Number of protein chains: 2
Amino acid sequence: MATIRDVARMANVSISTVSLAFSAPGRVSAETLERVQRAAAAVGYAANPVAQSLASGKSRLIGLVVADISNPFFGKLLKEVERCALTAGFLVIISDSGGDPAQERAILDHLNGQRVAGIILSPCGNGEAYVRSFDELKMPLVMFDQKVAGLDADFVGSDNRLASAMLTEHLLQLGHRRIGFIAGTRDLFTTRERVRGFTDTMAASGIEVDRSLIADGQYDGERAYGAAMRLLTRPDRPSAIIASSNVMALATLQAIGDLGVPCPERISLASIDDVPWINVISPRLTMVVQDATELGRISATRLLDRIGGTIPPKAIGEDFVLTPRFILGNSSAPLRA
Amino acid sequence: MATIRDVARMANVSISTVSLAFSAPGRVSAETLERVQRAAAAVGYAANPVAQSLASGKSRLIGLVVADISNPFFGKLLKEVERCALTAGFLVIISDSGGDPAQERAILDHLNGQRVAGIILSPCGNGEAYVRSFDELKMPLVMFDQKVAGLDADFVGSDNRLASAMLTEHLLQLGHRRIGFIAGTRDLFTTRERVRGFTDTMAASGIEVDRSLIADGQYDGERAYGAAMRLLTRPDRPSAIIASSNVMALATLQAIGDLGVPCPERISLASIDDVPWINVISPRLTMVVQDATELGRISATRLLDRIGGTIPPKAIGEDFVLTPRFILGNSSAPLRA
DNA sequence: GTGAAAGCGCTAACAG
DNA sequence: CTGTTAGCGCTTTCAC
């Protein structure tokens, strides 16, 4: 592997000139630049990023930490982040925290050790100690999906409260009054917001929410299946259910199918977030979707701007909140007597 | 950030002793080891991987390159690879080649520059020049899914020919004779094998394959949709279709739905690979599935073994071929007159 | 068993 | 505009 020294020797300049020629072509005379480039090409020189990283304290690596890589929502986002990063000459280290703050911490430490230039994170923790643990991170941080109170960082996500509200409003207009809600992991930002959007909208319509109809699905397929089962087998079964994530919606749909409850005739279902194969799922889900690709694009460009210094490093974190889109399917129908 | 020097000073030893204490605890006296560890804890020392990497020429990073991260098949595999890697103290850099050899090359160069310890790759190229381009990679390489002729490296994948054969046999037994086949990207290993499994099985039953029934879906949803449409709207429409990937199967199912052809009554469909939530898709697909998690586990452990030296570095590449599993759904039914 | 010394390949003042 | 000089933090012989 050719080093900067080989190039310097070949071009009859010092190694610092070679370094400059690559990092700031403008600060080198045209002729020298030419010679250096020719020499570099001749010996097949490519800078060693590891050495650059050690000397400069910066790397061209960014970290992406999500709670579940195999969820297609994250998959789409990841793909876009990776695309943006690569375009800017960055590589992406991706990790799965499994929704466990301890695991997340371990990953963050690793990333920190690698001196990544920045991190995009879907945080899975909460509380004061959690927030404080971010103090030692010196690189730019962009949170997405989940927002952590008290943590000063950019946030990219969707209007979760609105998402729930749209679905609730839709079901109310269809005449439903007893609406079940399958909620995500307790204490998570998106969970709180989505539940809130639901209860607020109900309250605004003067309907008192039966708290026992808010079930705990923990953003997990199996849990959600159980929760849906319990909801569906109650004597006072709700006439409609809102599942507050794609995975939980599919689990609910499966429970509905397993019980043989006709949907939408006997039970209406509405979902937050979609899945790629929504078109071949029957009934077609009524849902509110986030644009995962766009979220990825915004997260990546924001982080890259922070890294590149386009944004003053100490600029306070900003929120980028996208409006989700309502899509009418045929899993929801007017309430029948 | 505490450095090795701080620890050395605090423990009253030289930095090389500190280095040794961590990399080869056995070569340091018990008492010294104790002191070093205590000092390290006191100053909060954590080795700088970048510096280690520069000095040793090795890193604790591995690369994973796939053709489409957002495909759930890769998602599951990725998740498992990441899990295995993290357990072994490695971080994984993941990239999406988009199935483009040029893009793949660029990524590989980047990875090479980062001195990753090893690479897991789903190769998307072919031919002599392609094979030669791997000569400059000095780190261990494990290929998965796609196999490249002439490239000496470990290979992890499924028996693709068998997968097709099982599906074909199944349809033949149901009485189907005119079977359409939606193939993947031309020249790819999996494509050739899957087509071959189909044609061989047909031939073995003495049925001549109508080559025009083998459509080109390029492992892509839109292409496959078009291909399926053409197949389905022919006057001499096949009575069954094998879609040779999950994405293409769903596209085909959608085409079937859009045309209103009753499945499985008028058209049988069988698929290679599954998708998550297959349970809520109707009709439930008859398919042959690969165990993506297991493929991930094997790929990761094999690579890690190569990196760790458990396997002689120059050991010739081995093949790890898993037998796929047949799952009967209700998208396939006996041929009707 | 432990330490001194020479790098790994590059960046970044600072002179000239 | 270009070269000199220090490192960045660690690994790795090679003596002692």
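How many residues of chain B are in contact with chain A? The count is 36 residues of chain B, which meet 36 residues of chain A (contact: C-beta atoms, placed from the backbone, within 7 Å). This is a predicted model, in which local features need pLDDT of at least 70 and side-chain atom pairs count only at pLDDT 80 or more, while totals for chains, interfaces and linings use all residues. Residues are numbered from 1 along each chain as its sequence is written, and chains are lettered from A and ligands numbered from 1 in the order in which they are written.

**Where the chains meet**

On chain B, the elements giving two or more residues to the side that touches chain A are α4, α5 (72-87), β2 (91-96), α6 (101-113) and α11 (246-259). Helices (H or I, at least four residues) and strands (E, at least two) are DSSP runs, numbered from the N terminus. The largest share, 7 residues, comes from α5(B). By class, this side of chain B has 19 nonpolar, 12 polar and 5 charged residues.

**Around the DNA**

For the classes, Ala, Val, Leu, Ile, Met, Phe, Trp, Tyr, Cys and Pro count as nonpolar, Asp, Glu, Lys and Arg as charged, and the others, Gly among them, as polar.

Near DNA strand D, the elements giving two or more residues are α2 (15-23) and α4 (49-56) of chain A, plus α2 (15-23) and α4 (49-56) of chain B. For DNA strand C, the list is α2 and α4 of chain A with α2 and α4 of chain B. There, α4(A) gives the most, with 5 residues.

**The parallel strands of chain A**

Strand β3 (residues 118-121) of chain A is joined to β4(A) by 3 bridges, and the two run parallel; A:Ile120 stands opposite A:Val142. Getting from β3(A) to β4(A), the chain passes through helix α7 (residues 127-132) in a right-handed β-α-β crossover (with the strands pointing away from the viewer, the path from the first strand over the helix to the second runs clockwise). On its way along, β4(A) also pairs in parallel with β5 (residues 154-158) of chain A through 3 bridges, with A:Met143 opposite A:Phe155.

Both faces of β4 (residues 141-144) of chain A are covered: A:Leu141 and A:Met143 are buried on one side, A:Val142 and A:Phe144 on the other. Buried means 20 or more other C-beta atoms within 10 Å of the residue's own, with C-beta atoms placed from the backbone.

**The six-stranded sheet**

Chain A also has an open sheet of 6 strands with mixed pairing, in the order β7-β6-β8-β9-β10-β12. Strands pair if DSSP finds at least two bridges between them. At the edges, β7 (214-216) and β12 (325-327) of chain A each have a single partner strand, so one side of each is left without a neighbour in the sheet. Neighbouring strands are turned by 15° against each other on average, direction ignored.

Within this sheet, β9 (residues 268-272) and β10 (residues 286-289) of chain A run parallel, joined by 3 bridges, and A:Ser271 has A:Met287 as its bridge partner. Helix α8 (residues 160-173) of chain A packs on the sheet, touching β6 (179-183), β8 (240-243), β9, β10 and β12, at about 165° to β9(A). Helix α10 (residues 221-233) of chain A packs on β6, β7 and β8, at about 145° to β7(A). These angles run from 0 to 180 degrees between N-to-C directions, with axes fitted to C-alpha atoms, for helices over the stretch in contact.

Note on methods: Two residues are in contact if their C-beta atoms, placed from the backbone, lie within 7 Å. A residue is buried if 20 or more other C-beta atoms lie within 10 Å of its own, exposed if 12 or fewer, and partly exposed in between; C-beta atoms are placed from the backbone.
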